[in-house]
Amino acid sequence: MTAQTVLTRPSARRISIFNHKGGVGKTTLTFNVATAVASLGKRVLLVDSDPQCNLTAYLIDGEVVDDLLDHSDDTEGKTIWSALKPVAEATGLVHQVAPIELPNGGVFLVPGDIRLSDFEAELNDFWAQCLQRKVRGYNGTTALSGLISNLCRQFQIDFVFYDSGPNIGPLNRAILLDCDYFVVPVACDLFSVRALKTLGRTLATWIAEWQTILSLAPEGTYLLPGQPKFLGYILQNFSMYRGDFASQHAKFLPMIDRGIREDVIAVLKKVQPKAPAISGPKLGEVKNFGSLVTASQREGVPLQEVSAGTNQQRQSAKTAFNAIAQRIVERTA
């Protein structure tokens, strides 16, 4: 089945938990936040848009993942590459694939694929073709967005969470410009603080360049909104000592807050002057849950449902993610 051209965008809120710096636990965070949002009665679509397909390996049995990847080139392939292959190879429009419904009620997954890197290789050409007002450029740049729009409509999705790779390449550009919001996971270290400056500048550049492309678009073209709004940051993997932040982590807190305000919020304000202000930049915090994370990745379930750890640890994880999910729902209402 080939997807028809999508001319309207469903109301589902699209979110990326994004940081181009690796090692911040982004995939684990994305899954646990998404399932917490689903626990509030929302239907959630997870999109594994990282060519490393860590989210798919996290949630799907290894033999099933191998089978999906082995047959993703087939006409009945079921991965994200299967959907985008005709666009990447200039043989047709997006091929519609059905997401996998996970045991967590109301959560669906578009499986990832290492071949997604082949689609990414074409995205710079698509971008250049947009600047030349070529329809193929717009169709290619918005192909992933169109796929997700069709799935949101078909499965009555309320929230989409993209799990993307830790880089500032053309694939993440297309994803972020498709998102209504983005959340920044930040670890308590100097590298995370320094990465904020690059993150803010890069997003501002993408938004400004897309505005130029929008002005050139032929009438009736399906377009990315191109206005990802900062939803907040999540302090991730910090250590505790007797109920307080460990001293080596505590020193980074004011640096992180200042970096978010000066290098992300203030920079984006220049290209999004009408964006509404948020009540506070910190969306939530997730401490280092140690063995719970390893067990979650091994068992493919949220931290609160793993067999490892104590009831107190699992309840602490549930409380943290539920609080973040509640704020996301409220801030995107």
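Reply: Cys 179 counts as buried, at 1% relative accessibility; buried means under 20% relative accessible area and exposed over 50%, with partly exposed in between (1.4 Å probe, protein chains only). This is a predicted model, in which local features need pLDDT of at least 70 and side-chain atom pairs count only at pLDDT 80 or more, while totals for chains, interfaces and linings use all residues. Residues are numbered from 1 along each chain as its sequence is written, and side-chain values use heavy atoms, with hydrogens and water left out.

The pLDDT, which is the predictor's confidence in each residue from 0 to 100, averages 91 over the protein, and 93% of the residues score at least 70. Over residues 239–243, however, the value falls below 50, and this stretch has eight contacts in the model beyond near neighbours in sequence. A contact here means heavy atoms within 4.5 Å.

Which cysteine sulfur is closest to that of Cys 179? It is the one in Cys 152, 11 Å away, and that is too far for a bond. A disulfide is a covalent bond between the sulfur atoms of two cysteines. The criterion used is a pair of cysteine sulfur atoms within 2.5 Å, and by this rule the count comes to zero disulfides. Cys 53 is likewise in no disulfide, since the nearest cysteine sulfur, that of Cys 179, is 19 Å away.

Cys 53 deserves attention of its own. It is buried, with a relative accessible area of 5%, and it is placed in the loop between strand 2 (44–49) and helix 2 (54–59). Helices (H or I, at least four residues) and strands (E, at least two) are DSSP runs numbered from the N terminus. Most residues other than glycine have a negative phi. Cys 53, though not a glycine, has a positive phi of about 45°. Gln 156 also has a positive phi, near 55°, and lies in the loop between helix 7 (143–155) and strand 5 (159–164). Gln 156 is exposed, with a relative accessible area of 59%.

The wider interior can be described next. A nonpolar core is a set of buried Ala, Val, Leu, Ile, Met, Phe, Trp, Tyr and Cys residues joined through side-chain atoms within 4.5 Å. The largest one has 60 residues, of which Leu 45, Phe 119, Ile 148, Val 160 and Ile 256 touch the most other members. Helix 9 (residues 190–216) gives the most to this core, with nine residues. A second, separate core of 40 residues includes Tyr 58, Phe 161, Tyr 181 and Val 183. Leaving aside residues up to four places away in sequence, Leu 45 touches residues including Pro 99, Phe 108, Ile 148, Val 160 and Phe 161.

Helix 4 (residues 80–88) is largely enclosed by the rest of the structure, because eight of its nine residues are buried. Among them are Trp 81, Leu 84 and Val 87. The buried residues of helix 4 pack against strand 2, strand 4 (107–110), helix 5, helix 6 (135–141) and helix 7.

The structure also holds six aromatic pairs. Rings of Phe, Tyr and Trp (its six-membered ring) pair if their centres lie within 6.5 Å; planes under 30 degrees apart count as stacked, over 60 as edge-to-face and the rest as tilted. Trp 127 and Trp 210 form a tilted pair, 5.6 Å centre to centre with 35° between the planes. Trp 127 lies in helix 5 (residues 116–131) and Trp 210 in helix 9, so the pair ties together parts that are 83 residues apart in sequence. The rings of Phe 182 and Phe 230 have centres 5.6 Å apart and planes at 55°, so this pair is tilted. Phe 182 belongs to strand 6 (residues 181–187) and Phe 230 to strand 7 (residues 229–238), so parts 48 residues apart in sequence are tied together. Both Phe 182 and Phe 230 are buried.
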